[in-house]
Amino acid sequence: MMKNLILIISTLFIILTSFQSAIGQNSSTLKGKVTDYNTNEYLPGVKIEIYYGKILLNKTDTNLEDGSFTLSTKNTTDKIMFSCLYYYPIIIENINKVEENELNLGIIKLIEIPIVFTRYISKKAERKGRKEEKRKLKKLKEGIIIDSSNQNYKMRLKKNKGEFAFYIDFKDFQNN
C-alpha cells in the first residue's frame, strides 16, 4: 500500500515537473517604442496589453523618457493592443507563435483621431467638408503603409463593436 502511494506521488511529481518546464519555454519578452504617426515624437503613457482570446495576460505603459516598453509573458499570446487617449488603438492580431524568447516590435506609430469642430458658412461648404472627411476615412480603411526603421507593414482602420481601431496581421508585420 505504501509502495503504491510512493509510486503515484513520484509519477505525479515527474508529470508536473515536465509540465512546468514546458510552460517555462513559452516565456517571451516583447519590446519596442511608440510614436505619433504625424510628428514622430515618442508617446509616453501608451497602454500595451497582451491577450489570449479575451483573457488579458499582461499589461504595461510606455515610459516617460522615450516611449519605449518591455513586457513579459509566460503564456501564448494571440493579440497585442496599443491604446492611448485621442489616438486610434492598434491591434496586432493572429499571433500564432513567437519563435524567439524576445520579440522586438520596433516603432509602433499611433494615429490621432481627428476632432472636427467646424462651423460652415454655407450648405455647399458643409457638403464639401463632409465629403473630405469621408474621403480621409475611406483612405484609412483601405490601409496605411507604415515604413518603420526595421520593417514595413500595412494597417487598416476597421470598426469593431462600434469602435474604430487599426488592425495589423502579425504575419505581415513579421515578414517585412
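Predicted model: local features only at pLDDT ≥ 70, side-chain atom pairs only at ≥ 80, totals over all residues.

**The core and the strands around it**

Modeller: In the largest nonpolar core, which has 30 residues, the members that touch the most others are Ile80, Phe82, Ile92, Ile108 and Phe166. Strand β7, residues 102-110, supplies the largest share of this core, with four residues. As background, nonpolar side chains in soluble globular proteins tend to be buried together.

Leaving aside residues up to four places away in sequence, phenylalanine 166 touches Tyr88, Pro89, Ile90, Ile91, Ile111, Leu140, Ile144, Met155, Arg156 and Leu157.

Next come the strand pairings. Strand β10 spans residues 163-169 and pairs with β6 in the parallel sense, over four bridges. Within β10, isoleucine 168 stands opposite isoleucine 92, and Ile92 is one of the core residues that touch the most other members. β10 also pairs with strand β9, residues 152-160, here in the antiparallel sense and over five bridges. The bridge partner of lysine 159 is phenylalanine 164 in β10.

The hairpin of β9 and β10 has two residues between the strands, and lysine 161 takes a positive phi there, near 55 degrees. Lysine 161 is not a glycine, yet has this positive phi. The residue is found in the loop between β9 and β10. With a relative accessible area of 73%, lysine 161 is over the 50% cut-off and therefore counts as exposed.

Leucine 103 has its place in strand β7, and its relative accessible area of 8% is under the 20% cut-off, so leucine 103 is buried. The C-alpha atom of leucine 103 is separated by 6.4 Å from that of lysine 31, although the two residues are 72 residues apart along the chain.

Threonine 35 gives another view of contacts across the chain. Threonine 35 lies in strand β1, residues 28-36. Because its relative accessibility is 3%, threonine 35 counts as buried. Its contacts, again not counting residues up to four places away in sequence, are Asn40, Glu41, Tyr42, Leu43, Ile107, Ile108, Lys109 and Leu110. One of these contacts, Ile108, is also listed among the core residues that touch the most other members.

Nonpolar residues are found on the surface as well. Leu85, Tyr86 and Ile115 form a nonpolar patch there, and together they have about 370 Å² of accessible area. Leucine 85 lies in the loop between β5, residues 79-83, and β6, residues 90-93. At a relative accessible area of 62%, leucine 85 is exposed, whereas leucine 103 is buried at 8%.

Methods. Residues numbered from 1 in each chain as written. Heavy atoms only, no water. Patch = residues over 30% accessible without salt bridge, like charges linked within 9 Å, V, L, I, M, F, W, Y side chains within 5 Å. Areas by Shrake-Rupley, 256 points an atom, 1.4 Å probe, with all protein chains shown as cover. Salt bridge = Lys/Arg side-chain N within 4 Å of Asp/Glu carboxyl O. Buried < 20%, exposed > 50% of the residue type's maximum accessible area, 1.4 Å probe, protein only. Core = buried A, V, L, I, M, F, W, Y, C linked by side-chain atoms within 4.5 Å. Contact = heavy atoms within 4.5 Å. Pairing = 2+ DSSP bridges.
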